[in-house]
There are 2 protein chains.
Amino acid sequence: MNAVEGFNHSVFKRDMIMKRITLLLVGVATLAGVVALTATTSRHVTAQEATPIFVTEIPARYRDWRFISVAHEEGELNDIRTILGNDKAINAYRAGKLPFPEGTIIARIAWRYVPSEENNKIFGREQSFVPGEQPPWYLQFMVKDSKKYAATGGWGYAQFDKDGKPGPESDMKKCFPCHQAIKDRDFVFTRYAP
Amino acid sequence: MNAVEGFNHSVFKRDMIMKRITLLLVGVATLAGVVALTATTSRHVTAQEATPIFVTEIPARYRDWRFISVAHEEGELNDIRTILGNDKAINAYRAGKLPFPEGTIIARIAWRYVPSEENNKIFGREQSFVPGEQPPWYLQFMVKDSKKYAATGGWGYAQFDKDGKPGPESDMKKCFPCHQAIKDRDFVFTRYAP
């Protein structure tokens, strides 16, 4: 058993729970002045927790993150994908503020691009394309850490297969050559869907 | 000035704020027993507030809701779309539980399906399709209220243009004829993306 496998999850969880209670109570105390941000506060904790263990583990609760945009990629990829962001990502997008702050994480989730036979039958025409199976590299993330990833524009790149297994670090080198073409937008392809 | 225009927003906001503080305090008291759901609690408040004023107003903060799936519709629609859900929707989807509970709201946001010239130039091939402008019926919602919408399977349907103007109630009648074909899944086309 290595150090990671031997990690005591129950103690970790208890500590996290205590941390959350404390943060929530601090949040309540702050409510007198700032009220409308309760949802943001609780989400924010998740994002901060997720960052340090990135690259070897998928960021916690990324599927709960807010929506940035969607795309269809043809050719070899042949996928339909969504792009979600942690709070730092969403806030920066909405403020139209570049560069993205430290700790920003942008998630790309992709599925095979397939026709929906069910929908098409009901609509009476070939019309709907929906997510199918998970492709080999189901999940991708960009993590902003200007010091750690200084060589690749301040962003770390990672991908995971459908079983949560991370791709080799050498894959990171395949990302930056394309991303650097959009240096003006802090190396991020995706625009916030209007 | 009609009744709606004369509505006192500052009093309304103050009342909402007080309601949120009360609900949050109740939430904190409950934390001794149920801890891990802080984010859910705060989101839940938003969904409950949004429901009663639905149909004439867009549900509050729908753009912060969690991601269900994505689709591309060809033909006349020619859009790329995301489907988001309030907490009740997401919880029911993840639990695989039908029918959806009262108060469920499912949002469909659509954009014109356009090629990304920027992406294609960088990738060196025609590959990327992304959200373009907002189409005439930018936003659609399904709201579960079994009593109110008993005639249409327990779901109310609504749509709004890009300026937030609701579509005529007669449009609701155009939705159900197709949706009733999927009665087995509680009249909801979209499956949760795996």
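Leaving aside neighbours within four places in sequence, which residues is Ala107(B) in contact with? Keep that in mind for the second view; the model is a predicted one.

Figure 1. Let's start with the whole chain before zooming in. Chain A has 5 helices and 6 strands, and along the sequence they come in the order α-α-β-β-α-β-α-β-β-β-α. The chain has 194 residues, and 34% of them count as buried. If you take the contacts in chain A with a separation of 6 or more, 47% are between residues 24 or more positions apart. On the confidence side, the average pLDDT of chain A is 79, and 71% of its residues score at least 70. For the complex, the predictor reports an ipTM of 0.72 and a pTM of 0.73.

**Figure 2. Ala107 in the largest nonpolar core.** This core holds 66 residues, and the members that touch the most others are Ala107(A) and Ala107(B). Back to the opening question: beyond four places in sequence, Ala107(B) is in contact with Tyr62(B), Trp65(B), Ile83(B), Leu84(B), Leu139(B) and Phe141(B).

**Figure 3. Strand E4 of chain A and its two partners.** Look for strand E4(A), residues 128-131. One partner comes from chain A itself: strand E3(A), residues 105-115, runs antiparallel to E4(A) and is joined to it by 3 bridges. In that pairing, Tyr113(A) has Pro131(A) as its bridge partner. The other partner belongs to chain B: E4(A) pairs with strand E1(B), residues 66-73, again in the antiparallel sense, over 2 bridges. Here you can find Ser128(A) opposite Glu73(B).

Figure 4. Helix H3(A) covers residues 87-95, and its buried residues are Asp87(A), Lys88(A), Ala89(A), Ile90(A), Ala92(A) and Tyr93(A). Just after H3(A) comes Gly96(A), with a positive phi of about 60°. Now hop over to chain B. The buried residues of H3(B) are Asp87(B), Lys88(B), Ala89(B), Ile90(B), Ala92(B) and Tyr93(B). After H3(B) you reach Gly96(B), where phi is positive too, near 65°.

Figure 5. Most residues other than glycine have a negative phi, and most peptide bonds are trans. In chain A, the bond between Leu98(A) and Pro99(A) is cis, with omega about -5°. Pro99(A) sits in the loop between H3 and E3 of chain A. In chain B, Leu98(B) and Pro99(B) are also joined by a cis peptide bond, with omega about -5°. You'll find Pro99(B) in the loop between helix H3 (87-95) and strand E3 (105-115) of chain B.

**Figure 6. Two residues of chain B with a positive phi.** Neither of these is a glycine. Arg61(B) has a positive phi of about 55°, and its place is in the loop between helix H2 (38-50) and E1 of chain B. Arg61(B) counts as partly exposed because 16 other C-beta atoms lie within 10 Å. Phe187(B) also has a positive phi, about 70°, and belongs to the segment after helix H5 (172-179) of chain B. Is Phe187(B) buried or exposed? Phe187(B) has 23 C-beta neighbours inside 10 Å, so this residue counts as buried.

**Figure 7. His179(A) and its surroundings.** His179(A) belongs to helix H5(A), which spans residues 172-179. Why does His179(A) count as partly exposed? Because His179(A) has 19 C-beta neighbours inside 10 Å, and a buried residue needs 20 or more. Beyond four places in sequence, His179(A) touches Gly153(A) and Phe187(A). Thr152(A) is 27 residues from His179(A) in sequence, and their C-alpha atoms are 9.0 Å apart.

Figure 8. In residues 1-12 of chain A, pLDDT stays under 50, and the model has 2 contacts beyond four places in sequence for them. Residues 25-53 of chain A also stay under 50, and here the model has 40 such contacts. A word of caution for this view: where pLDDT is low, the predicted coordinates should not be read in detail.

How values were computed. Residues are numbered from 1 along each chain as its sequence is written. Chains are lettered from A and ligands numbered from 1 in the order in which they are written. This is a predicted model: local features need pLDDT of at least 70, side-chain atom pairs count only at pLDDT 80 or more; totals for chains, interfaces and linings use all residues. A residue is buried if 20 or more other C-beta atoms lie within 10 Å of its own, exposed if 12 or fewer, and partly exposed in between; C-beta atoms are placed from the backbone. Helices (H or I, at least four residues) and strands (E, at least two) are DSSP runs, numbered from the N terminus. Two strands pair if DSSP finds at least two bridges between them. Two residues are in contact if their C-beta atoms, placed from the backbone, lie within 7 Å. A nonpolar core is a set of buried Ala, Val, Leu, Ile, Met, Phe, Trp, Tyr and Cys residues joined through C-beta atoms within 7 Å. pLDDT is the predictor's confidence in each residue, from 0 to 100.
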